[in-house]
Amino acid sequence: MEQRQAIVAVLRRGDRVLAIRRGPAVPRPGYWQPLSGKVEPGETQEQAVVREVREEVGLTVVPLAKVWESETDDHRFRLHWWTARADTGEVVPDPGEVAETRWVTPGEFLTLDPVFDGDREFFERILPEL
């Protein structure tokens, strides 16, 4: 099976990042993670970041930089990690996709449970270097 492309949007507001708990309409509900979603055909990664964030939490963001690549633990998706600025606006979650949101410090993210191993690696190893 061909690996699909997806983005992870690390939304920053000051020293905090937006963590979401996966909602009931998506695989593996209940996991905490940064926002993520598939890259649609003909769409750039930057466009996918903007669209996915708007669809899932109603924020308008500015993609800043691609900072990492990883893959999901089932190897179905190649994840392109992007930082994005979310300076203003209220988080309005899509209730099917997002059960809960929190602005957290990287250290606080690591205390959330459950989280995916790749997300934990990003917060422990990659984010501190940015």
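What is the relative accessible area of arginine 125?

A: The model is a predicted one, in which local features need pLDDT of at least 70 and side-chain atom pairs count only at pLDDT 80 or more, while totals for chains, interfaces and linings use all residues. Residues are numbered from 1 along each chain as its sequence is written, and side-chain values use heavy atoms, with hydrogens and water left out.

Arginine 125 has a relative accessible area of 46% and is partly exposed; that class lies between buried, under 20% relative accessible area, and exposed, over 50%, with a 1.4 Å probe and protein chains only. Its salt-bridge partner is glutamate 121, and the closest N and O atoms of the two are 2.7 Å apart. A salt bridge here is a side-chain nitrogen of Lys or Arg within 4 Å of a carboxyl oxygen of Asp or Glu. Side chains of opposite charge can pair when their charged atoms come close. Both residues belong to helix α3 (residues 117–126), and because they are four residues apart there, about one helical turn separates them. Glutamate 121 is likewise partly exposed, at 32% relative accessibility. Elsewhere, salt bridges with shared partners join Glu43, Arg51, Glu52 and Glu55 into one network.

By this rule, the salt bridges number 12. Among them is the pair of arginine 85 and aspartate 87, whose side chains meet at 2.7 Å, N to O. Arginine 85 counts as partly exposed at 37% relative accessibility, and aspartate 87 is partly exposed with a relative accessible area of 48%. Another joins arginine 78 to glutamate 69, with 2.9 Å between the closest N and O atoms. In that pair, arginine 78 has a relative accessible area of 24% and glutamate 69 has a relative accessibility of 33%, so both are partly exposed.

As for the setting of these pairs, the chain holds three helices and seven strands, where helices (H or I, at least four residues) and strands (E, at least two) are DSSP runs numbered from the N terminus. Their order from the N terminus on is β-β-β-β-α-β-β-β-α-α. The radius of gyration of the chain is 13 Å, close to the 14 Å of the globule rule for 130 residues, so the chain is as compact as a globular protein of that length; the radius is taken over C-alpha atoms, and the rule is 2.2 Å times the number of residues to the power 0.38. Of the 130 residues, 42% count as buried.
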